[in-house]
Amino acid sequence: MNKKNLEELLNYAISTGADFAEIYIEDSTETSYRVLDSKLDSILTSNSRGIGVRISKNEEVYYASTNIITKKKIKELIKSIIANINGISDRTVKLSRKNSSYPKILKSHKDFSIDLKKEKLLEYDTVARKQSKLITQVSASFIEIDKNYTIANSNGKYISSGQTLTRVIAVVYAERNGQKARQLTYEGAAKGYEILDDIDFVSEITETAKKAVEKLDAKDFKGGLLPVVINNGFGAVIFHEACGHGLEATSVSTKSSVFSNDLGKKVASEKVTLIDDGTIEGCWGSNIFDDEGEKTKKNILIENGILKSYLVDSLNSNKMSHISNGCGRRENYQYAPTSRMSNTYLAPGNDKIEDMIKSIKLGVYCEQMSGGVVEPSTGEFNFAVETAWLIENGKISHRIKGITLIGNSKEILKNVEMVSSDLKLQSGFCGSKSGMIPVTVGEPTIKVSSILVGGKE
């Protein structure tokens, strides 16, 4: 679709008086390779190629998409949308010179042979199984995503960019006398297979297998209102869910977030500085442009406990009188973009992990978090803990299982008592109004003074 055709289509889109029109064109491929039961079990590929058209008038937003990328089809799509807008416009759209910018990839997916991928995955399988005779199954996978997109809108914006993502995942299963346990490990980056030069995944899967076996000895714990230490890395999912979603304009603009009226107010302890940064080179949730064609930015959301900013996409910026800050994101062309997180992390502090443990008479060390849910309007959340230890008399005691963390967004923010310096970022996916997108969460090890720990006798 050339510039002239895009201009013609955009002019048609605003011809009945629309305030704004946007055309998003995408071509992406996702491929996964999985080794299971010590053999290459599957290679799956999916393609997403299509176009999305977004048109707005006042606060009404209309969106439609198609996988038929022809001028005729797009015009039909636009015609169906502008039938909702009664008026006339003499505005003329003139697109700027195309801004094309793509990340530099050192080892592309296509240049890393299938044989080499299979060899690596089988190596991970072998390493895991060597750790114990109690290991019953290993699943190891590579996930590759390659996306190219073009955005043109009635404000004259005209950009082309792309994204390459690579993720390596392993799940190890152990069993003894009918007792079963599993442990997961993963790494992801906005890179090609140079990711394998940056990480030691053999060591990671070795530790994962050992933890799977150790979890067979984990004991039940009744829980209670207790202090907890949350490990670095994916432990930050608790802030992503309990806090991050409540700072997105999707919730804030409609006053359905518990943080809607808190800009400039103290919402957390002074230990908390929360940042969302889509510009970190090579990071899983990074992009050069967001999915509205805006340059991504480093946004300080909370600074020393004070709420400084929200995550605001272009359309919500007008509703909120808040600048757009490069966070409009979508899964693919079938979704309209909205405000979303990218790489969200708690800034490091200076507290010592050993001091956190020593300060607790009875509590829980959350070694690895799992998924969770939150209600943005109230801030109430519930998170599962994948692996945990009991803390007794200032020392880590033994593994415990069946642990959940239950609480409220504002309460946990105010109860962050200690923050260490060992910041770690980890990859994940986040589902919301504009689909499932790659995001990074991160934090140093922290101590929360009090939170409800769910368990069982």
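1. Let's start with charges over rings. Lys 295 sits over the face of Phe 289, 5.2 Å from the ring centre. To count, NZ of Lys or CZ of Arg must be within 6 Å of the ring centre and within 35 degrees of the ring normal. Arg 330 does this too, over the face of Tyr 24, at 3.7 Å from the ring centre.

2. A quick word on what you're looking at. This is a predicted model, where local features need pLDDT of at least 70 and side-chain atom pairs count only at pLDDT 80 or more, while totals for chains, interfaces and linings use all residues. Residues are numbered from 1 along each chain as its sequence is written, and side-chain values use heavy atoms, with hydrogens and water left out.

3. Now for rings that meet rings. The structure has eight aromatic pairs; here, rings of Phe, Tyr and Trp (its six-membered ring) pair if their centres lie within 6.5 Å, and planes under 30 degrees apart count as stacked, over 60 as edge-to-face and the rest as tilted. Take Tyr 24 and Tyr 149: their ring centres are 6.0 Å apart and their planes are at 25°, so this pair is stacked. Tyr 24 belongs to strand 1 (residues 20-36) and Tyr 149 to strand 5 (residues 135-153), so the pair ties together parts 125 residues apart in sequence. Strands (E, at least two residues) and helices (H or I, at least four) are DSSP runs, numbered from the N terminus.

4. Are those two tyrosines buried or exposed? Tyr 24 is buried, with a relative accessible area of 0%, and Tyr 149 is buried at 2%. The cut-offs are under 20% relative accessible area for buried, over 50% for exposed, and partly exposed in between (1.4 Å probe, protein chains only).

5. Phe 112 and Tyr 193 make another stacked pair, with 4.2 Å centre to centre and 10° between the planes. Phe 112 is buried at 10%, and Tyr 193 is buried at 1%. Both belong to a cluster in which ring pairs link Phe 112, Tyr 124, Phe 142, Tyr 193 and Phe 201.

6. On to the cores. In soluble globular proteins, nonpolar side chains tend to be buried together. The largest nonpolar core here has 56 residues, and Ile 302 and Leu 405 have the most contacts inside it. Such a core is a set of buried Ala, Val, Leu, Ile, Met, Phe, Trp, Tyr and Cys residues joined through side-chain atoms within 4.5 Å. Leaving aside neighbours within four places in sequence, Ile 302 is in contact (heavy atoms within 4.5 Å) with residues including Cys 243, Leu 247, Val 267 and Leu 413. A second, separate core of 26 residues includes Leu 121, Ile 195, Ile 205 and Leu 216.

7. How many salt bridges are there? The count is 23, each being a side-chain nitrogen of Lys or Arg within 4 Å of a carboxyl oxygen of Asp or Glu. In one of them, Lys 57 meets Asp 19, with the closest N and O atoms 3.9 Å apart. Lys 57 is partly exposed at 28%, and Asp 19 is partly exposed at 36%.

8. Have a look at Glu 386 and Arg 182 as well, which form a salt bridge at 3.4 Å, N to O. This pair links distant parts of the chain, with Glu 386 in strand 17 (residues 380-392) and Arg 182 in strand 7, 204 residues apart. Glu 386 is buried at 19%, whereas Arg 182 is partly exposed at 34%.

9. Last, Lys 271 and Asp 351 form a salt bridge at 3.0 Å, N to O. Elsewhere, salt bridges that share partners join Glu 22, Arg 54, Glu 292 and Arg 330 into one network.
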